[in-house]
Amino acid sequence: MSLIEPLQNASEDALAEGVQASSRRGFVRANLLGNKQAIFGLAVLAVFLFLAVFGPWIEPYDPLAKTGPVYAPPSSAHWLGTDDFGADMLSLVIAGSRVSLGVGFFAAVVAMVIGGSVGVLSGFFGGKTDTFLMRITDYVLVIPDIPLMIIAAALFGRSLTNIIIIIGIIYWTSTARLIRAQVIAVRERVYVKRARALGAGNSRIVFKHVLPQVAPLLIANTVLMVAVAIFAETYITFLGLGDPSTISWGRLIENAFNGEATINNAWWAIAPPGICVTIVILALTMVGQSVEDGLNPRLKVGHLSVRRFRLRPLNGKLNSG
Amino acid sequence: MRGSDYIVRRVLYALVTVFVAVSLNFVLFRALSGDAVTALRCKQCSKAFKEAQRRDLGLDEPLWVQYKLYLGNLARFDLGNSVPSEKPVRGELIEPIKNSLPMVALGTLFAIVVGIAVGVIAAWRRGTAVDKGGLYTALAFYSMPTQWLGLMLVFFVAGAVGLPTSGIKTATLGLFTDASTWELFVDRLRHMILPALTLGLVLYGDYALIVRSAMLETLGEDYVLTARAKGLKNRTVVVKHGLRNAMLPIITLVALSLGFIIGGAITVEYVFSYPGLGLLTVESIDKRDFPLLQAIFLLLTLSVIFFNLLADLLYFRFDPRVRT
Amino acid sequence: MIAVEDLHVWFDLPDGKELHAVQGVSFQLQEGSRLGLVGESGCGKTTTILAMMGLLPPTASVSGKVLLDGVDILERGEESVSPHRWNDIAMVFQGAMNAFNPVRTVGEQIAEPMKLHKSASGREADARVRELLELVGIPGDRASRYPHEFSGGMRQRAAIAMALACAPKVLLADEPTTALDVMVQAQILELLVDLTGTLGKELGMSMVLVTHDLPVVAQVCDLAAVMYAGEIVEMSGISAVYHQPMHPYTRMLFAATPDLFGDDEVLSIPGTPPRLDREITGCAFRPRCDSALGVCETVRPARRLGSPGHEARCHLNDPAIAQAGS
């Protein structure tokens, strides 16, 4: 077992995830944010969710139709201008939210199911199962994510479904580790031992006792995984490997690149989709990390501060009579 | 566990992983080649043609035989021939690697230096505007898709400061007049800056967050309070007790990230048409040049394994708790 | 000698209120004497000694004086108190096992304050480090070892050695024996008694020992101050506190201490300490007191001297009130 294991396990137990590229961020994000940020993040996500769900009714124009001149700057007719085809950018961006958020969500679910199952099996049964599964996890971790994803996408997936599956299959490892640590902690708890002593079978223990304890962490992790998945989708579509029949934010960035938006000075074709991705990822990060922090509270107080304690003038009234 | 024991174990483990990676690489690309040939849809792709392809790629032999062949070739550093050019893959890799390495190194260095600076200061001045500023800029850059940031830089920065936005060399340089080594060097550098900056900014976000987190952890430890109680000034405490200790997780996490950076550089090189390993990867996918792809993939996997091992060894070197 | 005069500490709370953690604590320590500060957790004893060194977080505000040889070191806050850290006042922290930075050697860390305050450097510092280690019962060559190579008890000793590095006038010890097993506890306490005795005589070093453990105070200290809800409710020489407690809390504390050889029932004090984020009317202990009078509900008891050197905050000691009945 790698020496990094203690670091990973300690950080998992205490506050964060292992050390795969994306899950390194877990360690990082602890100590990050508080409640206000979580609320802000949720608000932002709600807005985008609304856009995604009610998009078709909100879009000012049909996103696929040519409704204006090519690369027209923002105007009252087209708030975000038009793209290289003449389609309205605002409609495109709103339409894009559906696919981007959708792919992100479902890919995260796939990763969660795989990772969660591996984590639960590994943590609960321990022993050889654990060693075997963790070895596999180690090997999967060693494969560079983006190249693999790109190759797989090129070969298997110009369809959304395939892309979702590909992303899920590559990114389940951090979830597995996190859940495994949690399951191990729960496994040792008194009520589980008691249930076992009373003769409860394994599946009963897992479903009734372990899963409920693990679920909140799983959900928090899934939120963060959605962010990873959205990123992954943008990379895939940017390289031209996405589903050609769908609009996503990643696709819009690709369009801007291939349509030479920079040469045409059309910042409105480049900026909005990327800003949307950035904001959504930010919001997801804030929410996911706040939840994780809430579950693993870190009571550490800093012992160092640039500000100092204050002095109050002596007040005669304060002397007890 | 004694020191030398530990090192030996880690190296052995890494070697095993290398072997597994090599084997997986073989399986993956044999399967892919097989599928790719099957999936070939083109005018002259009759059954006979496909059979010929299979024979060319050695796909008609039993798997076991192919595997031994593959390992044998690897041992002699023979990575096969590139499909379109029919030239040895080995040769095709050299130039792109020579191009990618300095660019990636530049970006990573930038990210590390600025990331550590911002992370330390943010943690030190926790709760102040400086902290929030550093935190949110780091979060923002970390949340940006690399390719989009690249495009934004091209759009808003390149023109303003007159930096080139594609390729690695100004085509006209040295064409009509002799260009000095210095000029060539500077030209190279100028072409590297934007891609490196793009890479660096996104990485910076990640690293700054890591450093800040690690520092905050450390600054909450008891020995920091003791250090203050001993009368040490804040700055001394931050460096000698805070940073010194936080370097452990920081070094580890940074080293681990290094293995994945080339993968991340793919989109950057694509945006800037920078002829490095990343761009080569995309091109070979386009051309279905499997031998080349296989070699690149193996290279990338090996670098991840290498940096993992490095991280382990560094941790071992710097954490006295492990060494005795 | 060190004196604390009417020390108050407030902590800002997230909801905008304040926690009045220390409420008018005053005591004096002569050279060479040892004061035990006793009380339940949350009573403010740790905050008091942290305030003496100015080691309070930015959420804290302080009033009162900490007089070191007559000079108020808290006068200008951090600025005036920091030069005295370790030089004049040093601390052995709670859970001192973690007082050491794991990636540096113990010797380096003991020498650190010496170099900082310029009391010794280089080889001289190394020699002193070894002396100090020997003083606390650790072989001098251990100085080049790392903290994780020491057992819990030895780390505690090393922490004590570190505290003595600059020959402070006052040693503050916060629960020095918690988290150690019984045998080691006894050794540490013996060590403290020895050290403060010897150093007390030679250097005039005094000690404040904070603990919730009464027998510890009995063993080590010559003065005891009992704290409750941020106040000192009783203070006197050790035997007076034991044999003639003036405050019901003190009395009940002793009754609640298991006596290994006695057959008395172990009584616990029902109830919990009051919240300190709101103003308390009357005596803070009244809700848990077994001898409360009517006046206790409305009037805060003042500091009252019983016999010389024995004070308490309790209406029961006021002859006028006691006579008037409940």
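In chain B of this predicted model, confidence is lowest in helix α2 (residues 47–56), at a mean pLDDT of 73, and highest in helix α5 (residues 129–143), at 92; pLDDT is the predictor's confidence in each residue, from 0 to 100. Helices (H or I, at least four residues) and strands (E, at least two) are DSSP runs, numbered from the N terminus. The mean pLDDT of chain B is 84, and 93% of its residues reach 70 or more. Because the model is predicted, local features need pLDDT of at least 70 and side-chain atom pairs count only at pLDDT 80 or more, while totals for chains, interfaces and linings use all residues. Residues are numbered from 1 along each chain as its sequence is written, chains are lettered from A and ligands numbered from 1 in the order in which they are written, and side-chain values use heavy atoms, with hydrogens and water left out.

For chain A, the mean pLDDT is 79, and 85% of the residues reach 70 or more. Helix α1 (residues 4–14) of chain A has the lowest confidence in that chain, at a mean of 33, whereas helix α4 (residues 89–125) has the highest, at 91. Over residues 1–32 of chain A, pLDDT stays under 50, and the model has 115 contacts beyond four places in sequence for this stretch, a contact being heavy atoms within 4.5 Å. Residues 316–321 of chain A also have pLDDT below 50, with eight contacts in the model beyond near neighbours in sequence.

Helix α10 (residues 277–286) of chain B is largely enclosed by the rest of the structure, because eight of its ten residues are buried. Here, buried means under 20% relative accessible area, exposed over 50%, and partly exposed in between (1.4 Å probe, protein chains only). The buried residues of α10(B) include B:Leu277, B:Leu279, B:Leu280, B:Val282 and B:Ile285. Their cover includes α6 (145–156) of chain A, together with α4 (89–124), α9 (234–271) and α11 (290–318) of chain B. B:Arg288, which follows α10(B), has a positive phi near 55°.

Chain C has ten helices and twelve strands. Its radius of gyration is 21 Å, close to the 20 Å that the globule rule gives for 326 residues, so chain C is as compact as a globular protein of that length; the radius is taken over C-alpha atoms, and the rule is 2.2 Å times the number of residues to the power 0.38. The C-alpha trace of chain C spans about 70 × 50 × 40 Å along its principal axes. Of the 326 residues of chain C, 57% count as buried. Among contacts in chain C between residues at least 6 apart in sequence, 64% join residues at least 24 apart.

C:Trp86 is found in the loop between α2 (78–81) and β6 (89–92) and is buried, with a relative accessible area of 0%. C:Glu175 is placed in the loop between β7 (170–174) and α6 (182–203) and is likewise buried, at 5%.

C:Thr105 is found in the loop between β6 and α3 (106–116) of chain C and counts as buried at 12% relative accessibility. The C-alpha atoms of C:Thr105 and C:Arg145, 40 residues apart along the chain, are separated by 5.3 Å. Leaving aside neighbours within four places in sequence, C:Thr105 is in contact with C:Ala143, C:Ser144, C:Arg145 and C:Tyr146.
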